[in-house]
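Subject: Structure handover

Hello,

The structure we spoke of is below, followed by notes on what was found in it. Please read the notes with the model open.

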Amino acid sequence: MSQAQPEAEFVSRAKTDPEVFGQLYEQYVDKIYSYIYYRTGNHHDAEDLTAKTFYQALQHIERYVDRGFPISAWLYRIAHNLVANWHRDRSRRQVIALDEIALASQRHNPESELELQDDRRLLLRLTRRMSADRQQLLILKFVEQMSNREIAQIMGRTEGAVKSLYHRTLLALREAWATERESESQ
Amino acid sequence: MQGEELDCAGEEHLRSLMPQMMLNTRIAQSLGKEIRRAAAQKMRYRAAMRGRMPLEDVVIELRKLVRLLCKTLVPVRPRSEFARSLGEQLQVRGTELAAGRQRRWLWLMVGSLLSLLGVATALLLRRRNGRLQTGKPVGVM
């Protein structure tokens, strides 16, 4: 999508033209995949749910009503609902396979790198224990590097509520981190 | 004699006040308990506050946490093969849906036209039958 082309027009064209929808897909597939991956913890389900998200978007884009929010907010909402259903439906053990990310870093100093990897693993584990809202906020903030305003649009909250949730999330994460480290040292 | 009467009257008066005094004592006792409980609570709170981290340390820890979050929560890309094949599948599905929508519109138009035609025919037939019954030739007003 070109900068000059307003998003509303782009979306209205995507409703009838599969080519334009294809452009929309290319623009957001990485972001949606990233979001789902951090929420599910494995590539297999991330691929599955990303496909479902875009199929649903394609199916319902005809009825999409522009309420002044970016189309990404709508796509994230679909992905969020699908992930919520996935968590609700699955009876299998939770898979935590986020190790590749931690291992993908460069190894300057093996010892400090090992420590960092350990910290990152713990942080991911703690993050995934948090409520869906808090996880969503952290992913949008750090992975997608969105502003509080954009996050508020996606999460359907006010900017103030997002700030407050972010603050509480960080404090809760710090608390959980300290508790975990304390129990490890004992 | 008069003094004894006075004493008796005083005792009577005191006796009548006894239930009220007992009530007051109970209130005073419960009030004392409440005060002791509140004081203990405040002392515990102060002790907890002493054990807490200073605000500057909390801020430093939060900054460290944010830095670690930045290093940990990094964007992940899907496999290029997956992204490409999903894009193609969506393209096919999109074309099918568009064709389906067009077909739906076509059928809707045909249906509407047929129903209009039906209504017009019915009206014509009714008019013709009405004219036949009154004996007037068709087409004569």
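Helix packing in chain A

Helix 2 of chain A packs against helix 7 of chain A with about 135 degrees between the axes and an axis separation of 10 Å. Axes here are lines fitted to C-alpha atoms, for helices over the stretch in contact, and angles run from 0 to 180 degrees between N-to-C directions. Helices (H or I, at least four residues) and strands (E, at least two) are DSSP runs, numbered from the N terminus. The angle makes helix 2 of chain A oblique to helix 7 of chain A; angles under 35 degrees count as roughly parallel, over 145 as roughly antiparallel, 65 to 115 as roughly perpendicular and the rest as oblique.

From helix 2 of chain A, the residues A:S34, A:Y35, A:Y38 and A:R39 meet A:Q135, A:I139 and A:V143 of helix 7 of chain A. Residues are in contact if their C-beta atoms, placed from the backbone, lie within 7 Å. By class, the contact has four nonpolar, two polar and one charged residue. Ala, Val, Leu, Ile, Met, Phe, Trp, Tyr, Cys and Pro count as nonpolar, Asp, Glu, Lys and Arg as charged, and the others, Gly among them, as polar.

Basis of the model

This is a predicted model, in which local features need pLDDT of at least 70 and side-chain atom pairs count only at pLDDT 80 or more, while totals for chains, interfaces and linings use all residues. Residues are numbered from 1 along each chain as its sequence is written, and chains are lettered from A and ligands numbered from 1 in the order in which they are written.

Chain A and its interface

Chain A has nine helices and zero strands. Of its 186 residues, 28% are buried (20 or more other C-beta atoms within 10 Å of the residue's own; exposed is 12 or fewer, partly exposed in between; C-beta atoms placed from the backbone).

Contacts between the chains involve 31 residues of chain A and 25 of chain B. On the chain A side, helix 2 gives the most, with eleven residues. That side comprises 21 nonpolar, four polar and six charged residues.

One loop residue

A:Q145 lies in the loop between helix 7 and helix 8 (148-155) of chain A. Its phi is positive, about 50 degrees, although A:Q145 is not a glycine. A:Q145 counts as exposed because it has 11 C-beta neighbours inside 10 Å.

Regards

Terms used:
Two residues are in contact if their C-beta atoms, placed from the backbone, lie within 7 Å.
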